[in-house]
Amino acid sequence: MSELQQSAQFFKALSEPVRLRILNLLLHSDAEICVCALIEALDIPQSVISRHLAYLRKAELVQARREGVWMHYSLHAQMPTMYRSVLAEFKRGSLSEPQLKADFDKIGCVLCVSA
């Protein structure tokens, strides 16, 4: 895949609100996040979350680790510099958006309860 095609796939991955909500939580997390926490924080069915995570994996934005029946996700460790730069800018302004702030507040509660 050419660099131009990879860039197009990256920007397509950012074009869906659910994927932005997932990325926002991963960007603000110091650790990986279990799908179960994403389901509860975003109040979206598991099938929808999984479909969007698969898209983010294909775009090489996230990586997964299985633990028992659950998958745990984190930002891809070998993400290109350009992706990191764009996501850093998104992170800087994300918590001023009410939905993203609410997601962040809610996952904090979910992670504290499940820890």
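Start by selecting Leu26 and everything around it. Skipping neighbours within four places in sequence, Leu26 is in contact with Ile33, Val62, Tyr73, Ser74 and Leu75, where contact means heavy atoms within 4.5 Å. Before you go further: this is a predicted model, where local features need pLDDT of at least 70 and side-chain atom pairs count only at pLDDT 80 or more, while totals for chains, interfaces and linings use all residues. Residues are numbered from 1 along each chain as its sequence is written, and side-chain values use heavy atoms, with hydrogens and water left out.

Leu26 lies in helix H2; helices (H or I, at least four residues) and strands (E, at least two) are DSSP runs, numbered from the N terminus. Is Leu26 buried or exposed? It is buried, with a relative accessible area of 3%; buried means under 20% relative accessible area, exposed over 50% and partly exposed in between, using a 1.4 Å probe and protein chains only.

**One step along: Leu27**

Leu27 is also found in helix H2, and it is buried at 12% relative accessible area. Draw the C-alpha to C-alpha distance from Leu27 to Lys91 and you get 6.6 Å, for residues 64 apart in sequence. Leaving aside neighbours within four places in sequence, Leu27 is in contact with Leu75, Leu87, Phe90 and Lys91.

**H2 against H5**

Next, show H2 (17-28) together with H5 (residues 81-94). Two packed helices are described by the angle between their axes and the distance between the axes. The axes of H2 and H5 come within 10 Å and cross at roughly 90°; axes are lines fitted to C-alpha atoms, for helices over the stretch in contact, and angles run from 0 to 180 degrees between N-to-C directions. That makes H2 roughly perpendicular to H5, given that angles under 35 degrees count as roughly parallel, over 145 as roughly antiparallel, 65 to 115 as roughly perpendicular and the rest as oblique. To see the contact, pick Leu20, Leu23, Asn24, Leu27 and His28 on H2, then Leu87, Phe90, Lys91 and Ser94 on H5. Colour by class and you'll find five nonpolar, three polar and one charged; Ala, Val, Leu, Ile, Met, Phe, Trp, Tyr, Cys and Pro count as nonpolar, Asp, Glu, Lys and Arg as charged, and the others, Gly among them, as polar.

**H1 against H5**

Keep H5 on screen and bring in H1 (residues 3-13), which packs on H5 at about 25° with the axes 11 Å apart. So H1 is roughly parallel to H5. Gln6, Ser7, Phe10 and Phe11 in H1 meet Met82, Tyr83, Val86 and Leu87 in H5. This contact has six nonpolar residues, two polar and no charged.

**The core**

Which residues touch the most other members of the largest nonpolar core? Among its 29 residues, select Ile22, Leu38, Leu53, Leu56, Leu61 and Leu87; a nonpolar core is a set of buried Ala, Val, Leu, Ile, Met, Phe, Trp, Tyr and Cys residues joined through side-chain atoms within 4.5 Å. H1, H2, H3 (35-42), H4 (46-58), strand S3 (70-75) and H5 each supply at least two residues, and H2 gives the most, with six. Zoom in on Leu56: beyond four places in sequence, it is in contact with Ala13, Arg19, Ile22, Leu23, Leu61 and Val62.

Move to H3 and H4, which pack at about 115° with their axes 10 Å apart. Val35, Leu38, Ile39 and Leu42 of H3 make the contact with Gln46, Ile49 and Leu53 of H4. By class, that is six nonpolar, one polar and no charged.

In the loop between these two helices sits Asp43, exposed at 66% relative accessibility. Check its backbone: phi is near 55°, a positive value in a residue other than glycine. Glu60, in the loop between H4 and strand S2 (62-67), likewise has a positive phi, about 60°, without being a glycine. Glu60 is partly exposed, at 42%.

**Last stop: His72**

Finish in strand S3 with His72, buried at 13% relative accessibility. Not counting residues up to four places away in sequence, His72 touches Glu32, Ile33, Cys34, Gln63, Ala64, Arg65 and Glu67.
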